[in-house]
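Please examine the sequence and the structure shown below.

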Amino acid sequence: MHQRVLAQRERLLLTGNEAIARGAYEAGVKVATGYPGTPSTEILEALARMEGVYVEWSTNEKVAMDVALGASLGGARALCTMKHVGLNVASDTFMTASYTGVGGGLVVVSADDPGMHSSQNEQDNRYYAKFAAVPLLEPSDSAEAKEFTHLAFELSERFDVPVLLRTTTRISHTRGVVELGPRQEHASKGFVRDPGKYVMLPAYAQKRHPVVLARLPRMQEVAASPELLRWELRDRAVGVITSGVCYHYVREVLPDASILKLGMTYPLPLEQIRAFAREVARLFVVEELEPFLEEMLRAEGLEVEGKAFFPRQGELSPDLVREGFVRAGVLPPAEPRVSSVVPTTPRPPVLCPGCPHVVPFLALRRLGAVVCGDIGCYTLAALEPLQAMDTCVAMGSSIGMAVGLAKAGTSPGPVVAAIGDSTFIHAGIPALIDAVYKDADITVLILDNGTTAMTGGQPHPGTGLTIRGEQTKALDLVALCRAAGVEHVRVVDPYDVAATFVALEEAIQHEGVAVVITNRPCVEAPVKIRDIPFTVVPQKCIACQLCMNLGCPSISWSVETYEGRPKVVIDPSTCTGCTVCAQLCPTEAIQLLHPGRGATRERAGESRG
Amino acid sequence: MGEVRNLLLVGVGGQGVVLASNIVAAVCLHHGYDVKKSEVHGMAQRGGVVYSHLRYGHEVHSPLIERGRADVLLALEWAEALRWLPYLRTGGVLVVDMVRSVPPIAMKDRRTWTSGYPPVDVNHLCTQGVEVRACNAGQLAEDLGSTKVANTILLGVLSNILEFSQEEWEEALAASVPPQTLDLNLQAFRLGRSVAAEGLALEGLPIEHPTAYGTPRRFRVEIAEVWCKGCGICVRFCPEECLRLDSREKAEVVDPGRCTGCQICQLLCPDFAIAVQEESLKEASVRG
């Protein structure tokens, strides 16, 4: 099973995402598209480091899916990547792409996030495969991620269908041993005109739906092939049907149980599943999130046990799988092995030192605004200490929701939509046009930090750079807002506390749609920005805690006190020198660590006059 | 199954947990083992908790370690060591840096000024059924010239616990760190190795930090209305947001209970219209 000595092939430790990229590369992929979203982002980033592939960050997942489908109809092998909620955006194209079929192989990667490590919901995207009647592959580790990706392209062409490759955070972000193979160039047939297949008018689409349904039984046969279905007959008392990372949890917890490991989870290899069921006394399904397999198997009349013992919410783990089998009476109760529990502090994620999003939210809180927020780092402004965000639902929702709230006329304060640059370009632009069209009395705050920060700093149309760092045309946000009909558009430096307060106050007072754009780049990505750090002069600090209200991780309580309150210190190794705390300090206790060095420090001095 | 070794590396975003675990994984892979290593990106980078499960052996299945089954817990930060301690098996080894990274949320109590950060008490940890190898790697790294190599010092400590040779470790280091930092990293690694070889449980004591700074106090904010012209400076600057302008544009106190007595309002008022006085708790309770 385990071969230590391998033929001349290179063995590398790759993440699931890197392995998917490698699999696509080896399969001769020509066009790869996507929109950044944890945990999918690194697939395209890895592909962008390889040659012979056109790779793009699209403005959103729908556009990414359209570009990939277009390339596929043109005969090229195409890959389209996104996080689970991204497929909601792309689903309009995805659902009908099942009808059009493909030219070159089209593989759609959905990276789901059970446990919501970095997401707003934990929807189970396996249902999309069933919904669209397309094959669904679920790799269980990095090695399979590479193999299955390659296989997915072949299946796509063989059955003339887009293939959904579903990973999860645990697969995408786990490193495992992968053997590299050579790239196999894929010969393209080019674009072949076929309106009956590619023009989905009702008359043509009606003819395509039967084709979609007719291919399902043939795909079932593939699901039973040895590269996708693994029989592991051991002890027959307990049999487990499982897929993805859960397979490894089951192997760990029940090393002697019989396992039927599914690589393709839609459509199912029902004949083989029935045969496996006959071999074992008790049959379990172990799957993360929804009872997707369990319900299909029950509908086939199989007696399986599953969600009665394993949670339907959150990410599974070997601990939870063990607990489930203990509850099911398969395992004896585990004796506690935990050494001990010592209380510690919680550590929720926070905005970074020098984050340009802090001051606008500080201002909005002081102005009593009701803030419809959006998806990005700045969503952390909802947490302590800023607590300046009232809603966050989906990409681009802030503006439309603000319009609705304003039109309802029930808001206790001025209505503000706060949205990042990349999110604005993704799905905010139609909503802004709608707001102007409806003459809604709202303020739109566009937090332009010149990158897609939350996912690690990917370029977008506003940056004028491609995924490979090449120059391209840059989107002008101010001109775009003006073209949409916004009369009041202001650009402000969010490190200038007073100016940011004034800009937001004026925008709120303006009747109709007003836009405020903040223009400081992210200090962490794509490049780290570090200026001269600040320090606290202890003799001047009166421990008022005003700077602590920023929630800056560089500022903490010192061992010294003033009238029973802790003074503060600044960690020079993490302070970026943004000047904001120095502008707030009423006693000028916060000063440059190395005065006289650097010319960019005037701003702090100026605002204190 | 028993031959699989479980290592859990933990810390705070920016400390180099992932780089450290990449180096360990490279050593294991080079040694011919199967390796799985799992971490979560995304929100964890925003000053949050960073962890890396690393498992190696003949054949590794689960990428995650079960609670109570880690052989070694390597913590780059004190509070993180405590958070992940339940993953360590009884008799397992805890390698811990006594450096503190206090999150903002642990410093928000403005009534009693109590820090939510746990005390750095190595002796208490030693009574928890695990083997503790604590050192002040942050301080040692600073002495070497860069706090960034604290993680490498801890890898040096770890190297004495795992079965791999010094050459294997140093080869992996050379392949993983930026070339211009290799000398410093090798120095740090060897320092960590020698600290542990000499059997030192403690190397450099942590600074004592108070957990509670004060006792609850109450203050009265008196505003001379005739002098107040409604400029709003006190409203804007009050750290506790206990002031506002009333309908006549005069400053008024919204919630005196939140006042910490910092006197910023009194200090900044251009019209000398504000005075902050301390009330005794008894007086306050009589006044309701």
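In chain A, residues 24 or more positions apart account for 72% of the contacts with a separation of 6 or more; two residues are in contact if their C-beta atoms, placed from the backbone, lie within 7 Å. This is a predicted model, in which local features need pLDDT of at least 70 and side-chain atom pairs count only at pLDDT 80 or more, whereas totals for chains, interfaces and linings use all residues. Residues are numbered from 1 along each chain as its sequence is written, while chains are lettered from A and ligands numbered from 1 in the order in which they are written.

**Chain A as a whole**

- The C-alpha trace of chain A spans about 80 × 65 × 55 Å along its principal axes.
- Of the 609 residues of chain A, 56% count as buried; a residue is buried if 20 or more other C-beta atoms lie within 10 Å of its own, exposed if 12 or fewer, and partly exposed in between.
- Chain A contains 21 helices and 22 strands, where helices (H or I, at least four residues) and strands (E, at least two) are DSSP runs numbered from the N terminus.

**Helix α16 of chain A**

- The twelve residues of helix α16 (residues 397–408) of chain A should span 16 Å at 1.5 Å a residue, and the end C-alpha atoms are 16 Å apart, which agrees; the expected span is 1.5 Å times one less than the number of residues.
- Nine of the twelve residues of α16(A) are buried, so this helix is largely enclosed by the rest of the structure.
- Among the buried residues are Ile399(A), Met401(A), Ala402(A) and Leu405(A), and the cover over the buried residues includes β14 (370–372), β15 (415–420), α17 (421–437) and β16 (443–447) of chain A.
- Gly409(A), with a positive phi near 70°, follows α16(A).

**Domains of chain A**

- The assignment, which is automatic or from a database, gives domain 1 (11–214), domain 2 (229–327), domain 3 (358–518) and domain 4 (534–607) of chain A.
- The C-alpha centres of domain 1 of chain A and domain 3 of chain A lie 32 Å apart.
- Their contact takes 15 residues from domain 1 of chain A and 17 residues from domain 3 of chain A.
- On the side of domain 1 of chain A that touches domain 3 of chain A, the largest share, three residues, comes from β3(A).

**Residue Arg274(A)**

- Arg274(A) is found in helix α12 (residues 270–279) of chain A and counts as partly exposed because it has 13 C-beta neighbours inside 10 Å.
- The C-alpha atoms of Arg274(A) and Leu297(A) are separated by 9.2 Å, although these residues are 23 residues apart along the chain.

**The nonpolar core and chain B**

- The largest nonpolar core has 273 residues, and those that touch the most other members are Ala68(A), Val250(A), Ala402(A), Ile442(A), Cys581(A) and Leu73(B); such a core is a set of buried Ala, Val, Leu, Ile, Met, Phe, Trp, Tyr and Cys residues joined through C-beta atoms within 7 Å.
- Helix α1 (residues 17–30) of chain B gives the most to this core, with eight residues.
- Chain B is assigned domain 1 (5–197) and domain 2 (218–287), whose centres, taken over C-alpha atoms, are separated by 48 Å.
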